[in-house]
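Subject: Structure handover

Hi,

Here is the structure for you to look at. My notes on it follow below.

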Amino acid sequence: MTKSKRFIALAVVFAMVFAMAFSVLFIVREENHECTGVDCHICQQINAGILQFNHHTPKPHSAVYLLTVTYALVLLLGSLRKSRVSNTPISLKVKLSD
């Protein structure tokens, strides 16, 4: 990976962490605001922040599923690799001299 791609990836991660941190701080700060009713902009922002936080945080069941699938793929690819090894003169270490 080149340095520019690493920098861009780091910048995106930093931006997401920054947005989530300030979203949580906004929710905590405006928890007891004076609500104006149905069209309250602060309530809409709080709901958007909660949805963003729920969407981007990993869930325990998804982590278990991901680890199970990854482990199964590793086992499957390992068994396929062992079965696909063919016997070549090089793998059998045959000396090919005239």
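Start with methionine 16. Methionine 16 is partly exposed, at a relative accessible area of 39%. Its place is in helix α1. Together with Phe7, Ile8 and Val12, Met16 makes a nonpolar surface patch of about 410 Å².

Please keep in mind that this is a predicted model. The mean pLDDT of the chain is 78, and 86% of the residues reach 70 or more. Helix α1 (residues 3-29) has the highest confidence, at a mean of 83. Helix α3 (residues 60-83) has the lowest, at 76. Where pLDDT is low, the predicted coordinates should not be read in detail.

Now the overall fold. The chain has three helices and zero strands. Along the sequence the pattern reads α-α-α. Of the 98 residues, 7% count as buried. The accessible surface comes to about 9200 Å². Carbon and sulfur atoms account for 68% of that surface.

Next, the salt bridge. The structure holds one. Glutamate 30 pairs with arginine 29, and the closest N and O atoms are 3.3 Å apart. Are the two partners buried or exposed? Glutamate 30 counts as buried, because its relative accessibility of 15% is under the 20% cut-off. Arginine 29 is exposed, because its relative accessible area of 66% is over 50%.

Isoleucine 46 belongs to helix α2 (residues 41-56). Which residues does isoleucine 46 touch, leaving aside those up to four places away in sequence? The contacts are Phe26, Ile27, Glu30 and His33. Isoleucine 46 is buried too: its relative accessible area is 13%, so it falls under the 20% limit.

To recap the local picture: Glu30 is bonded to Arg29 through the salt bridge and is in contact with Ile46. Glutamate 30 is buried, and isoleucine 46 is buried. Arginine 29 is exposed. Methionine 16 is partly exposed and sits in the nonpolar patch.

Best regards

Terms used. Residues numbered from 1 in each chain as written. Predicted model: local features only at pLDDT ≥ 70, side-chain atom pairs only at ≥ 80, totals over all residues. Heavy atoms only, no water. Helix = DSSP H or I, 4+ residues; strand = E, 2+ residues; numbered from the N terminus. Buried < 20%, exposed > 50% of the residue type's maximum accessible area, 1.4 Å probe, protein only. Contact = heavy atoms within 4.5 Å. Areas by Shrake-Rupley, 256 points an atom, 1.4 Å probe, with all protein chains shown as cover. pLDDT = per-residue confidence, 0-100. Patch = residues over 30% accessible without salt bridge, like charges linked within 9 Å, V, L, I, M, F, W, Y side chains within 5 Å. Salt bridge = Lys/Arg side-chain N within 4 Å of Asp/Glu carboxyl O.
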